[in-house]
Amino acid sequence: MCLTAHYIDHNWKLKKKIINFCPIVGHTGEIIGKAIENCLIEWGITTKVLTVTVDNASANDVGVDYLRERLSSWNGTILEGKFLQMRCAAHILSLTVKEGLKEADDSIYRIRNAVRFVRSSPARLLKFNACVKKEQIDSNRHLCLDVETRWNSTYLMLESALIYRKAFLKLEISDGSKFRAELNKNRGTPVNGDWERVSHLLPFLKILYDATLRLSASLYTTTNVYLQEVVGVGLMIKKKCESSDAGVCLMASGMKRKHDKYWENVDKVNLLLYIAVILDPRRKMQYVNWAINQQYDFLKSEKLRGMVMETLTSLYAHYTSCRPISVPSPPQQVEVCADECENMDDWQDVVESQFERDVSGEVTNDRKNDLDKYLEEAR
């Protein structure tokens, strides 16, 4: 089990540290929870634990429940650990795509076997490269074999294999006895229908592949961009469900079922995903309201908006109670004349100071006129 800590240091720098990488005796929820507990104790991390991000295995639900109880006894959670469990965004997307890929399973399986045959020995790879030259395929891409549990590697395999489609057909003709005999043991060789099907699916999969890359990033925060990806993927899947291409339609329908499983029930959504977007100055509440309307019907939208606002208020109350706001004494008023302003930064200070006093109602109309005069002279 690998445990990674993400935190912000005193200089407001995002940090990512692997704090544990260890074997565990089993994968039950209690064992997972206790292993995380021991690691946190060892590092002295007993407070300010906001979320624990895990994949969607049921054992992780039990493990996080155990951890929530332990952290609550230490007073180490925020809002009593209500939002402690954060389901891995990239993993949900992976499950969604893999559900849709089941509709093209036979075609993908045959293409995978063809790639595996070519990559199984240097001699076979030499023969395949000879076929590439004969077909005059101008590409430096290498055939890659996917890891079946990583759907994005499946996309890369299909993308590279499609480039060499003619070379595979040439290999079947020139080395038919070995190639065909080997692949006929497992569903046969790729046929034209398989290649056509994959070529129609790849543009759709490319969008999902790019979304996976954005959500899997580690050098910048992703919580505030995930909502945009969820909405975008959801809208695209709905649109593809109406496609005239039967293969794309079936794939999208499978994806929609899996997508709805994780997002249809608003009571199971971690509301911090919405809070992060509200705190993003590029988005704020207006974007959250729009996104919620795109995702849900009227009744669910109203309910979710209320839950988000309640959570936002609770978080504000929590942090203000942790660190009471100290009211500074009013600063001494300093009059700044135009002659004293030597550069634009000085004038920005004047304007900023005036803005703050205008907002607080501490300036008279005469003072406003004086400032206008100073600014006019400066121009």
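Mentor: Helices (H or I, at least four residues) and strands (E, at least two) are DSSP runs, numbered from the N terminus. This is a predicted model, where local features need pLDDT of at least 70, side-chain atom pairs count only at pLDDT 80 or more, and totals for chains, interfaces and linings use all residues. Residues are numbered from 1 along each chain as its sequence is written, and side-chain values use heavy atoms, with hydrogens and water left out.

Trainee: Thanks! Which residues of α13 and α14 meet?
Mentor: From α13 there are Met 285, Asn 289, Ile 292 and Asn 293, and they meet Ser 301, Leu 304, Arg 305, Val 308 and Met 309 of α14. That contact divides into 5 nonpolar, 3 polar and 1 charged residues. For the classes, Ala, Val, Leu, Ile, Met, Phe, Trp, Tyr, Cys and Pro count as nonpolar, Asp, Glu, Lys and Arg as charged, and the others, Gly among them, as polar.

Trainee: And at what angle do the axes of α13 and α14 cross?
Mentor: Roughly 150°, with the axes coming within 9 Å. Axes are lines fitted to C-alpha atoms, for helices over the stretch in contact, and angles run from 0 to 180 degrees between N-to-C directions. The crossing of α13 and α14 is right-handed. A crossing is left-handed if the near helix is turned anticlockwise from the far one by less than a right angle, and right-handed if clockwise.

Trainee: What about α10 and α13, left-handed or right-handed?
Mentor: α10 passes α13 in a left-handed crossing. On the α10 side the contact is made by Leu 227, Gln 228, Val 230, Val 231, Leu 235 and Lys 238, and on the α13 side by Tyr 287, Val 288, Trp 290, Ala 291, Gln 294 and Gln 295. By class, that is 8 nonpolar, 3 polar and 1 charged residues.

Trainee: How do their axes run?
Mentor: The axes of α10 and α13 (residues 284–295) come within 10 Å and cross at roughly 30°. So α10 is roughly parallel to α13, given that angles under 35 degrees count as roughly parallel, over 145 as roughly antiparallel, 65 to 115 as roughly perpendicular and the rest as oblique.

Trainee: Switching topic, how many cavities are there?
Mentor: The count comes to 2 cavities of 30 Å³ or more. On a 1 Å grid over the protein atoms alone, a cavity is a set of points where a 1.4 Å probe fits but cannot get out, and a pocket is an open set with protein on both sides within 12 Å along at least five of seven lines; lining residues have an atom within 4 Å of a point. Grid points are joined across faces, edges and corners, and a volume is the space filled by probe spheres set on the points.

Trainee: What lines the largest cavity?
Mentor: Its volume is about 80 Å³, and the lining includes Ile 92, Leu 215, His 259 and Trp 263. The largest share, 4 residues, comes from α10. The lining divides into 7 nonpolar, 2 polar and 1 charged.

Trainee: And the second largest cavity, what's its volume?
Mentor: About 30 Å³. Ile 32, Ile 36, Val 54, Asn 60, Gly 63, Val 64 and Leu 67 line the second largest cavity, and α2 gives the largest share, 4 residues.

Key: Contact means heavy atoms within 4.5 Å.
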